[in-house]
Amino acid sequence: MDSQLSSKALHNRINTNISQLLQRFENIMATATGHSTLTDLSQVDNTSHTATAVETYQLDVESTALVRAAEDILALTRSMKETWLFGKLDTLGEDESDTKRREELECDAVAIRKAIGNGGLLKPAK
């Protein structure tokens, strides 16, 4: 995954994955419940082997696609965790107060570094 992914790209990928999961599950349920409304056993006996094979194949394809969509979501969350841990994931951005606070902290750090370097802040014990 690109380390410089934008928030919009991440949201688009998440939405695509969720849509795929829902669509595949709906397809599985539609295929599986196709014969569940039949209550007469004679109607079940009249189902052809071809129709059963086609439905079985459809279920296999849809369940494989469902698993792949779930795996893609897991891969996405793993890569988001990795980029977050290494500090390259910027989905929130900085507002004015965050920028000002960060700049003040940097100024304070420079001032402390200078004070320590000059020996004015921490003097070694004699």
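Mentor: Let us go from the overall layout to a pair of helices and then to one residue. This is a predicted model, in which local features need pLDDT of at least 70 and side-chain atom pairs count only at pLDDT 80 or more, while totals for chains, interfaces and linings use all residues. Residues are numbered from 1 along each chain as its sequence is written, and side-chain values use heavy atoms, with hydrogens and water left out.

Trainee: How many helices and strands does the protein chain have?

Mentor: Helices (H or I, at least four residues) and strands (E, at least two) are DSSP runs, numbered from the N terminus. Here the protein chain has four helices and zero strands, in the order α-α-α-α from the N terminus on.

Trainee: How do helix 1 and helix 3 cross?

Mentor: Axes are lines fitted to C-alpha atoms, for helices over the stretch in contact, and angles run from 0 to 180 degrees between N-to-C directions. The axes of these two helices come within 9 Å and cross at roughly 155 degrees. Angles under 35 degrees count as roughly parallel, over 145 as roughly antiparallel, 65 to 115 as roughly perpendicular and the rest as oblique. Helix 1 and helix 3 are therefore roughly antiparallel.

Trainee: Which residues of helix 1 are buried?

Mentor: Buried means under 20% relative accessible area, exposed over 50%, and partly exposed in between (1.4 Å probe, protein chains only). In helix 1 the buried residues are Leu10, Asn17, Ile28 and Thr31, and their cover includes helix 3. In turn, helix 1 is part of what covers the buried residues of helix 3, among them Ala69 and Leu76.

Trainee: What does Asn17 touch?

Mentor: Contact means heavy atoms within 4.5 Å. Leaving out residues up to four places away in sequence, Asn17 touches Ala69, Asp72, Ile73 and Leu76. Asn17 has a relative accessible area of 6%, so this residue counts as buried. A polar contact (a pair of N or O atoms within 3.5 Å; within protein, one must be able to donate a hydrogen and the other to accept it, and residues adjacent in sequence count only if both atoms are side-chain atoms) of 3.2 Å joins the side chains of Asn17 and Asp72.
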